[in-house]
Amino acid sequence: MLIICGPERGRRGAELKVMSGVETKNPGHFTRGIREKTTDTRGFDTDRFIFKDDELSYCLGKQGTTRKKLERASGAILEYVGHAAFIAGTLKERRRCREFVNWLLAQRKGSVCIRDVADRDDATEIHIPENCKGWVTGNRGSELRRMEEETLTYMFMAVDEKGDERLIIFCHDPGTKTGSTGRMAAERLVNELIQEKLRDDDGGRGRSDSRRRSPSRRKDSSPRMGGPAGSRRRSRSRSRR
C-alpha cells in the first residue's frame, strides 16, 4: 500500500497524481463505471466530470500546460484521470475551476459572452484599442499564452451582454503593484504592450529604427568632442598655414 502523509490538500493532490499515472498505464483501473459528481460542501471536497470526444486533449494542452494554467488561476487542484477531470478544493475554488474549463471549451465554437465581471473578485477587464488587439493577443494567441505563463493567470477576449469585446484576466490571486504574478502583474504586461503599439504607430518606423540610428549619432559626435580624428584634422590645417 502507498501511504501519503501531510495536510488534506497536499494529500489529495498527490493521490490524484498517482491515480492519473496508474490510469495511464492501466486504463479503467480508477475510471471504470465512474460518474460525474458535484457537491455543495463549502469546505474542501472533490468534484468530477467526464470529458467528451476530443475535449480532454484540448483541455490538457501541450505537455499539460493548459491544465496547469487552469489549476493555478482557479486555486483548485485539477487533475485528469483517464477521461475524468477531478477538481479538489473549497466550494468557491471548485466552481471557479469548472467555470474556467467550460469557458475554455466554449472558445472552440466562437466568442464567449461573460456578463457581470464587475461583480467578481477574481477578474480584471481591460478594454483594448481596436488597432492594438492583434498586437496584444499575438499570432494565434501567443502573447496571451506568454503572459499567462509569466503571471499564472487565465486570460482571453470575451464579449459582454452588449456584444462589446474586451480582455478579461482571471485569477484567484489579485497580485500586487510590484509582484510578478497575479492579475495586477498581467494587467501591467498588457498595458505595456498597448503603449508599445501606440508609440510605434505614432512614431512611424517605430522603436527598432530609432535603435539603429542611435549608434551613428554616437559616432558622429566623437570628432566634435576632440577625439583623435578631430586632433588630426586640426594638425593638418596648421601645417598648410
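Begin by selecting Y58, T65, T66, K69, R72, L104, Q107, R145, E148, E149 and Y154, which line the largest pocket; on a 1 Å grid over the protein atoms alone, a pocket is an open set of points where a 1.4 Å probe fits, with protein on both sides within 12 Å along at least five of seven lines, and lining residues have an atom within 4 Å of a point. This is a predicted model, in which local features need pLDDT of at least 70 and side-chain atom pairs count only at pLDDT 80 or more, while totals for chains, interfaces and linings use all residues. Residues are numbered from 1 along each chain as its sequence is written, and side-chain values use heavy atoms, with hydrogens and water left out.

Next, colour helix 3 (65–74), which gives the largest share of this lining, four residues; helices are DSSP runs of H or I with at least four residues, and strands are runs of E with at least two, numbered from the N terminus.

Now select Y58, Q107, G110, T137, L144, R145, F156, M157 and E165, the lining of the second largest pocket. Helix 6 and strand 5 (154–159) each supply at least two residues of this second lining.

Finally, go to E79, which sits in strand 2 (residues 77–81). Is E79 buried or exposed? E79 is buried, with a relative accessible area of 8%, where buried means under 20% and exposed over 50%, with partly exposed in between (1.4 Å probe, protein chains only). Leaving aside residues up to four places away in sequence, E79 touches L16, K17, S20, R67, A84, A85 and F86, contact meaning heavy atoms within 4.5 Å.
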